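My entries follow in the order I looked things up.

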Amino acid sequence: MPYTFNENCIDCEKCAERCAAGAVIVHREDGHTRCEVDQDLCVSCGHCGFICEKAAVIDDKGNIAKFVPVSEWKSARVNLYECTGCMICVEVCPEYALAMSKKCSHDDPFTFAFLADADKCTGCGMCAERCPVGAIEMV
């Protein structure tokens with residue numbers, strides 16, 4: 001569900017700075033700035049809505065993406081006992097906050113995902129949403 005901007009957008013470009021997917025395109029023409037979302041690049045992570053203080057970001061159903069102060073961003077918690085090591089969460093994380101563990105030994109087939117950089121996690125929940133075994137929760 002790609003995001004778009006409504007009439008509240010003041011073209012401050014904060015969303016473009018935050019978009020890890022590079023989906024927010026900034027157009028500068030004749031002294032005016034206009035932001036738009038490239039629907040093919042948008043991964044629907046919600047980062048643009050997390051930082052938009054003007055309630056200008058809307059989803060495909062017309063719902064306003066909620067501004068969330070940084071101090072309230074949730075963080076991914078991986079249950080290491082439930083994680084199967086499929087890497088889906090690592091691959092979908094737009095901020096590259098998750099990583100896979102290394103094997104303990106050559107004979108050890110087990111790896112698991114973990115939050116490698118808590119400062120990068122913005123609490124978008126894409127990892128938890130895509131985890132096929134429900135091993136990730138946002139706390």
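**Hairpin**

I began with the hairpin of β2 and β3, which has two residues between its strands; Asp30 there takes a positive phi near 50°. This is a predicted model, so I kept its limits in view: local features need pLDDT of at least 70, side-chain atom pairs count only at pLDDT 80 or more, and totals for chains, interfaces and linings use all residues. Residues are numbered from 1 along each chain as its sequence is written, and side-chain values use heavy atoms, with hydrogens and water left out.

I looked up the pairing next. β2 (residues 24-29) and β3 (residues 32-37) run antiparallel over six bridges. Pairing requires at least two bridges found by DSSP between two strands. Strands (E, at least two residues) and helices (H or I, at least four) are DSSP runs, numbered from the N terminus. Ile25 stands opposite Glu36 in β3.

**Positive phi elsewhere**

Most residues other than glycine have a negative phi. I therefore noted the exceptions. Ala55 has a positive phi of about 55°. I found Ala55 in the loop between α2 (47-51) and β4 (57-58). Met87 has a positive phi of about 75°, and lies in the loop between β5 (76-78) and α3 (88-92).

The cut-offs are under 20% for buried, over 50% for exposed and in between for partly exposed (1.4 Å probe, protein chains only).

**Cysteines**

How many disulfides does the structure hold? I found zero. Cys35 is in no disulfide; the nearest cysteine sulfur, in Cys15, is 4.6 Å away. A disulfide needs two cysteine sulfur atoms within 2.5 Å. Cys35 is buried, at 7% relative accessibility.

**Cores**

I then checked the nonpolar cores, sets of buried Ala, Val, Leu, Ile, Met, Phe, Trp, Tyr and Cys residues joined through side-chain atoms within 4.5 Å. The largest has 15 residues, and Cys89, Leu98, Ala113 and Ile136 touch the most other members. β5, α3 and β6 (98-100) each supply at least two of its residues. A second, separate core of 14 residues includes Cys15, Ala23, Val24 and Cys42.
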